[in-house]
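Here is a short briefing for a reader who is new to this structure. Keep the sequence and the 3D view open while reading.

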Amino acid sequence: LNQGQDRLTLSCLMDVNEKGKVIFHKIAETVIRVDQRMCYTDVKNILEDTDDVAKKRYESLIPMFFLMKELSGILRSRRHTRGSIDFDFPESKIILNAAGKAIDVQPYEANVATRIIEDFMLLANETVAKEYCEREIPFLYRTHENPDSDKMEKVLTFIRNQDIPVHKSHEEITPLEVQEILNEIEGEPTEPLISRLLLRSMKQARYTTGCSGHFGLAAKHYCHFTSPIRRYPDLQIHRIIKETIRGRMNQEKKMYYAQILGDVADKTSTLERRAEEVERETVKLKKAEYMETRLGQNYEGIISGVTGWGLYVELPNTVEGLVHISTLMDDYYQFDEEAYCLVGEKTGHTYRLGQKVTVKVSQVDLSTKSIDFILKEENSCFNKYMDWED
């Protein structure tokens with residue numbers, strides 16, 4: 001998108017009413033010319049009134065930015081009302097030096113500008129999917145199936161044990177009911193941890209040839225339309241859309257796409273999993289690289305996972321490390337699987353999800369991308385137990 005130059009594109013043009021409903025749309029091959037190539041930071045600062053230089057430079061566009069913000073809020077509210085699940089996990093932002101070495105790790109949080117674009121893209125994806133589903137033209141959809149009932153029930157049992165109300169009217173939980181749980185825990189220490197448990201109990205989204213909806217978004221129709229330069233499924237459906245727009249989607253073409261799309265859906269879903277795994281492993285490596293230079297340093301964090309082999313502790317910068325159960329010297333700890341906690345046999349001392357602890361970085365292994373912590377003494381009940389024993 002070069003400023004001031006014509007560019008060919010495929011557009012989803014939508015008229016949206018004051019309630020956030022699309023009342024008319026058209027998918028068309030278009031020519032666009034960028035007036036100003038913006039960045040998220042400038043738009044965010046303009047909308048939050050924190051940058052006078054940016055406000056002056058883009059003065060003519062400011063009314064449009066505020067209209068975009070208003071519409072974004074309406075669309076988000078509409079999705080929330082129907083039950084769209086908003087897992088608000090901060091992603092990790094790895095800062096590298098010129099040599100590619102990790103020198104900082106920060107949470108990468110969404111802001112008003114990124115949310116505007118996200119909301120508009122979601123609406124375009126739904127609108128395109130709905131049209132092609134209703135027209136019964138072979139297509140590639142983004143599908144998120146309902147969670148596995150057994151997995152979800154285990155998580156719901158844990159949530160109920162935390163005295164958090166769970167409303168479930170049918171055998172299968174609805175997106176709206178999941179969203180209600182997230183609303184209940186908003187701002188609580190256990191929020192990110194229960195959110196993760198809920199997320200892990202759900203199935204992974206995948207590409208399919210059938211339009212069976214998206215559970216997480218509470219959407220009947222959904223596809224990936226907005227990123228053909230970086231995602232093959234988007235490119236594939238752009239080809240189908242252009243064939244249709246140009247009047248070439250005859251019976252022969254429909255049969256051709258019906259024949260190949262099943263394989264495309266399977267392969268792109270598999271490759272997506274592989275790409276996600278590579279990304280996760282790369283981020284883990286860079287986090288380990290960063291923490292290797294901080295051996296012996298103390299950090300405050302929260303217990304993000306509890307297992308039979310120890311506690312996982314997440315730091316505010318999104319780095320996660322393991323406190324191995326063998327390093328808990330004040331007692332012999334048993335893992336309570338239902339309550340997700342470690343309980344000391346003699347003292348009854350308990351380590352739970354969401355609990356704040358202070359840890360010291362004890363060991364980093366770059367080959368396994370693992371980070372080990374040990375708990376600081378103030379977290380332990382060792383001294384208290386010794387007094388009791390005396």
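Leaving aside neighbours within four places in sequence, Ala-129 is in contact with Phe-139, Tyr-141, His-221, Tyr-222 and Cys-223. Ala-129 sits in helix 4. The model is predicted, and its mean pLDDT is 92.

- Is Ala-129 buried or exposed? Ala-129 is buried, because its relative accessible area is 0%, and the cut-off for buried is under 20%.
- Glu-277 is 148 residues away from Ala-129 along the chain. The C-alpha atoms of Ala-129 and Glu-277 are separated by 27 Å.
- Ala-99 lies in the loop between strand 3 and strand 4.
- Ala-99 has a relative accessibility of 71%, so Ala-99 counts as exposed. The cut-off for exposed is over 50%.
- Ala-99 and Leu-271 are 172 residues apart in sequence. From C-alpha to C-alpha, Ala-99 and Leu-271 are 29 Å apart in space.

**Helix 1 against helix 4**

- Helix 4 covers residues 112-134, and helix 1 covers residues 40-47. Helix 1 and helix 4 pack at an angle of about 110 degrees. Their axes are 7 Å apart.
- Helix 1 is therefore roughly perpendicular to helix 4.
- Helix 1 brings Tyr-40, Val-43, Lys-44 and Leu-47 to the contact. Helix 4 brings Val-112, Ala-113, Thr-114, Ile-116 and Ile-117.
- Seven residues of this contact are nonpolar, one is polar and one is charged.

**Helix 8 against helix 9**

- Helix 8 spans residues 232-245, and helix 9 spans residues 251-292. Helix 8 and helix 9 pack at an angle of about 170 degrees. Their axes lie 11 Å apart.
- That angle makes helix 8 roughly antiparallel to helix 9.
- From helix 8, the contact uses Tyr-232, Pro-233, Gln-236, Arg-239, Ile-240 and Glu-243. From helix 9, the contact uses Lys-253, Tyr-257, Ile-260, Leu-261, Val-264 and Thr-268.
- By class, the contact of helix 8 with helix 9 has seven nonpolar, two polar and three charged residues.

**The barrel**

- In which order do the five strands of the barrel close? The order is 7-8-9-14-13, and the pairing is mixed.
- On average, neighbouring strands of this sheet are turned by 50 degrees against each other, direction ignored.
- Strand 7 (residues 298-307) runs antiparallel to strand 13 (residues 356-365), and five bridges join them. Tyr-299 stands opposite Val-359 in strand 13.
- Strand 8 (residues 310-314) and strand 9 (residues 320-324) are also antiparallel, with five bridges between them. Gly-310 faces His-324 in strand 9 as its opposite residue.
- Strand 13 pairs with strand 14 (residues 370-375) in the antiparallel sense over six bridges. Here Val-361 is opposite Phe-373 in strand 14.

- Strand 1 (residues 6-16) and strand 2 (residues 22-33) run antiparallel and are joined by 11 bridges. Cys-12 stands opposite Ile-27 in strand 2.
- Five residues lie between strand 1 and strand 2 in their hairpin. Which residue in the turn between strand 1 and strand 2 has a positive phi? The residue is Gly-20, at about 85 degrees.
- Strand 3 (residues 91-96) and strand 4 (residues 102-108) run antiparallel, joined by six bridges. Leu-96 has Ala-102 in strand 4 as its bridge partner.
- Strand 3 and strand 4 form a hairpin with five residues between them. In the turn, Gly-100 has a positive phi of about 85 degrees. Ala-99 belongs to the loop between strand 3 and strand 4.

**Confidence**

- In this protein, 96% of the residues reach a pLDDT of 70 or more.
- Over residues 382-390, pLDDT stays under 50. The model has five contacts for this stretch beyond four places in sequence.
- Where pLDDT is low, the predicted coordinates should not be read in detail.

Conventions. Residues numbered from 1 in each chain as written. Predicted model: local features only at pLDDT ≥ 70, side-chain atom pairs only at ≥ 80, totals over all residues. Heavy atoms only, no water. Pairing = 2+ DSSP bridges. Helix = DSSP H or I, 4+ residues; strand = E, 2+ residues; numbered from the N terminus. Axes fitted to C-alpha atoms, helices over the stretch in contact; angles between N-to-C directions. Parallel < 35°, antiparallel > 145°, perpendicular 65-115°, else oblique. Contact = heavy atoms within 4.5 Å. Nonpolar A, V, L, I, M, F, W, Y, C, P; charged D, E, K, R; others polar. pLDDT = per-residue confidence, 0-100. Buried < 20%, exposed > 50% of the residue type's maximum accessible area, 1.4 Å probe, protein only.
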